[in-house]
Amino acid sequence: MSNVFPAILAGVAVFIIYLVLSAGSATPGDGILIWSSAELVIGLILSIITGLICRKLWNGKSYRMANPLRWLLLIVYIIPFLIELIIANLTVASKIITGRNIRPGIVKLTPSMKTDGGALLLSASITYQPGTATVDVNDETRELYVHCLDAGEDAKGVMPADKIFAKINLAKWIRRITE
């Protein structure tokens, strides 16, 4: 019975995301507001299944990610992430064209994230950047091992999380969202 509330929270969150992604699917005469009836039924069924599978997302006594302000911060996070993504694309294109500063290697990132959600969001944000990929995560310390296109002089070095991005400290944003 203790897993019911987390399952409901996860299901509601998934259903809201589904509604946003499927908006405008209604045809004239068949639908509720801007969603078709079939889309709503399918979305509800998938949300229930996903809620049951992901009920451990909100485990224990901490429901910090159920706070709507954190979801708003997550949406706002898209702006600095896209800025970093554009800068990373231009940097990788420049490195490929000129052939300079290409020293691939794996570095250990010490993000000091307190939650698994923070480590997951940081790992995904790094992997979406061209020229980088998160290859491993230490489960106890949440340290990330990242393959970089330019690992610097010491390819086995330890790097703080704010140095992996060009202009904006995305790790700080992620801490605001998840901790």
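Which residues in H3 meet residues in H6? Arg70, Leu73, Leu74 and Val76 in H3 meet Trp173, Arg176, Ile177 and Thr178 in H6. This briefing describes a predicted model. The secondary structure of the protein chain comprises 6 helices and 4 strands, and these elements follow the pattern α-α-α-α-β-α-β-β-β-α when read along the sequence.

**Overall organisation**

- The protein chain has 179 residues, of which buried residues make up 31%.
- Considering contacts in the protein chain between residues at least 6 apart in sequence, 70% join residues at least 24 apart.

**Helix H3 with helix H6**

- Two packed helices are described by the angle between their axes and the distance between the axes.
- Helix H3 covers residues 68-76 and helix H6 covers residues 170-178; their axes come within 8 Å and cross at roughly 160°.
- Angles over 145 degrees count as roughly antiparallel, and H3 and H6 are therefore roughly antiparallel to each other.
- The crossing of H3 and H6 is left-handed.
- By class, the residues in the contact of H3 with H6 are 5 nonpolar, 1 polar and 2 charged.

**Helix H3 with helix H4**

- Helix H4 spans residues 78-98, and the axes of H3 and H4 come within 4 Å, crossing at roughly 25°.
- Angles under 35 degrees count as roughly parallel, and H3 and H4 are therefore roughly parallel to each other.
- On the H3 side, the contact is made by Leu74, Ile75 and Val76, and on the H4 side by Ile78, Ile79 and Pro80.
- The contact of H3 with H4 contains 6 nonpolar residues, with no polar and no charged ones.

**Helix H5 with helix H6**

- H5 and H6 pack with their axes 9 Å apart, at an angle of about 145°.
- The crossing of H5 and H6 is right-handed.
- H5 contributes Gly117, Gly118, Leu121, Leu122 and Ser125 to this contact, while H6 contributes Ala171, Ile174, Ile177 and Thr178.
- The residues of the contact of H5 with H6 divide into 5 nonpolar, 4 polar and no charged.

**The largest nonpolar core**

- In soluble globular proteins, nonpolar side chains tend to be buried together.
- The largest nonpolar core has 19 residues, and Tyr77, Leu109, Leu122, Ile126, Val146 and Ile164 touch the most other members.
- At least two residues of this core are supplied by each of strand S1 (105-110), helix H5 (116-128), strand S3 (144-148) and H6.
- H6 provides the largest share of this core, 4 residues.
- Not counting residues up to four places away in sequence, Tyr77 touches Leu121, Ser125, Leu170, Trp173, Ile174 and Ile177.

**Tyr145 in strand S3**

- Tyr145 has its place in strand S3.
- With a relative accessibility of 26%, Tyr145 counts as partly exposed.
- Leaving aside neighbours within four places in sequence, Tyr145 is in contact with Ile106, Val107, Lys108, Ala133, Thr134, Val135 and Asp136.
- Tyr145 and Val135 are 10 residues apart along the chain, and their C-alpha atoms are separated by 5.7 Å.

**Residues in loops**

- Most residues other than glycine have a negative phi.
- Ser112, a residue other than glycine, has a positive phi near 50°.
- Ser112 is found in the loop between S1 and H5, and at 49% relative accessibility Ser112 counts as partly exposed.
- Arg142, also a residue other than glycine, has a positive phi near 60°.
- Arg142 lies in the loop between strand S2 (132-137) and S3.
- The relative accessible area of Arg142 is 18%, and Arg142 is buried, because buried means under 20% relative accessible area.
- Asp30 is located in the loop between helix H1 (4-21) and helix H2 (37-53).
- Asp30 is partly exposed, with a relative accessible area of 37%.
- Not counting residues up to four places away in sequence, Asp30 touches Ser36 and Ser37.

Key:
Residues numbered from 1 in each chain as written. Predicted model: local features only at pLDDT ≥ 70, side-chain atom pairs only at ≥ 80, totals over all residues. Heavy atoms only, no water. Axes fitted to C-alpha atoms, helices over the stretch in contact; angles between N-to-C directions. Parallel < 35°, antiparallel > 145°, perpendicular 65-115°, else oblique. Left-handed = near helix turned anticlockwise from the far one by under 90°. Contact = heavy atoms within 4.5 Å. Nonpolar A, V, L, I, M, F, W, Y, C, P; charged D, E, K, R; others polar. Core = buried A, V, L, I, M, F, W, Y, C linked by side-chain atoms within 4.5 Å. Buried < 20%, exposed > 50% of the residue type's maximum accessible area, 1.4 Å probe, protein only.
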